Amino acid sequence: MECPNKSVEDINAQIPLSPELIYFYSHFKMNGPIRQDGHQLHRISIDIGSGNLYLSEPANLYRRQLGFRWVGSSAPYEENPMWNASWVVIADKDDDPIIVDTSQRNSPVLASYDASEVFSIADSLAQFFAAITVVLKVFHERFAGEIMDEETCEIEGEFLSVLTEELMNVLNNKEHVQHLVDYLYG
């Protein structure tokens, strides 16, 4: 596959790539990867109202696997026997990983709290990005970024209800919707 962007070439050869990840990272472009203070960014921050979802840039994928696929306090790192080698951490929220299973057709997306048991949040990478688009539309367009109850400091029930309904249209799976909503807002 010809890449319009050299981002795929920046990915460490030890990272297993599925066709979907190759497509995504070959089109991946980080706008403004350097902060005003000159610091080079290694991930994109996406405000979802309850915190940030961080999407790792291609050159940082190897480091993002540390603590999950590879463990140890310094190089050379050891393979974690509890981690599936075909799982690639591409994003996180509060350091809880979002994982693509590169061994499966369409690259299903999983999530986990820390390094505990993984759970499915989308049948494909494309479906995951469609779901994140829905999250952003509901958060920004429907609720204008105002999703916290001022008295209780908790996420508004109406926001969660609308989001759940809209995500069902994309994910078509109640369990995936509940897992994603719990992961992002639980």
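What you have open is a predicted model, in which local features need pLDDT of at least 70, side-chain atom pairs count only at pLDDT 80 or more, and totals for chains, interfaces and linings use all residues. Residues are numbered from 1 along each chain as its sequence is written, and side-chain values use heavy atoms, with hydrogens and water left out.

**Select S5 and S6.** Strand S5 covers residues 87-93 and pairs with S6 in the antiparallel sense over six bridges. (Helices, H or I of at least four residues, and strands, E of at least two, are DSSP runs numbered from the N terminus; two strands pair if DSSP finds at least two bridges between them.) Click on Val88 and you'll find its bridge partner in S6, Val100. Ala91, for its part, stands opposite Ile98 in S6.

**Stay on S6 and show side chains.** Which residues point which way from S6? Asp96, Ile98 and Val100 go one way, Pro97, Ile99 and Asp101 the other, and all are buried. In general, side chains in a regular strand alternate between the two faces of the sheet. S6 is mostly covered, with six of its six residues buried (buried is under 20% relative accessible area, exposed over 50%, partly exposed in between, using a 1.4 Å probe and protein chains only).

**Step off the end to Thr102.** This residue sits in the loop between strand S6 (96-101) and strand S7 (109-112). Thr102 counts as buried because its relative accessibility is 13%. Look for a polar atom of the Thr102 side chain 2.7 Å from the backbone oxygen of Ser86. Thr102 also touches Pro16, Leu17, Ser18, Leu21, Ser86 and Val88, leaving aside residues up to four places away in sequence (contact means heavy atoms within 4.5 Å).

**Cross to S7.** S6 and S7 pair in the antiparallel sense over three bridges. Here Ile99 stands opposite Leu110.

**Zoom out to the sheet.** Six strands make an open sheet in the order S1-S2-S5-S6-S7-S8, with antiparallel pairing. At the edges are strand S1 (43-47) and strand S8 (118-122), each pairing on one side only. Ignoring direction, neighbouring strands of this sheet are turned by 30° against each other on average (axes are lines fitted to C-alpha atoms, for helices over the stretch in contact, and angles run from 0 to 180 degrees between N-to-C directions).

Helix H3 (residues 125-142) lies across S1, strand S2 (52-56), S5, S6, S7 and S8, at about 45° to S1.

**Colour the cores.** The largest nonpolar core has 45 residues, and those with the most contacts inside it are Tyr25, Ile90, Ile98, Phe159, Leu163, Leu167 and Tyr185. H3 gives the most to this core, with eight residues. A second, separate core of six residues includes Phe68, Trp87, Ile99 and Leu110. (A nonpolar core is a set of buried Ala, Val, Leu, Ile, Met, Phe, Trp, Tyr and Cys residues joined through side-chain atoms within 4.5 Å.) Pick Leu167 and you'll see that it touches Ala131, Val134, Val135, Asn172, Val177, Leu180 and Val181, not counting residues up to four places away in sequence.

**Finish with the whole chain.** The secondary structure comes to five helices and eight strands. Of the 186 residues of the protein chain, 41% count as buried.

Technical notes: Polar contact = N/O pair within 3.5 Å; in protein donor to acceptor, adjacent residues only side chain to side chain.
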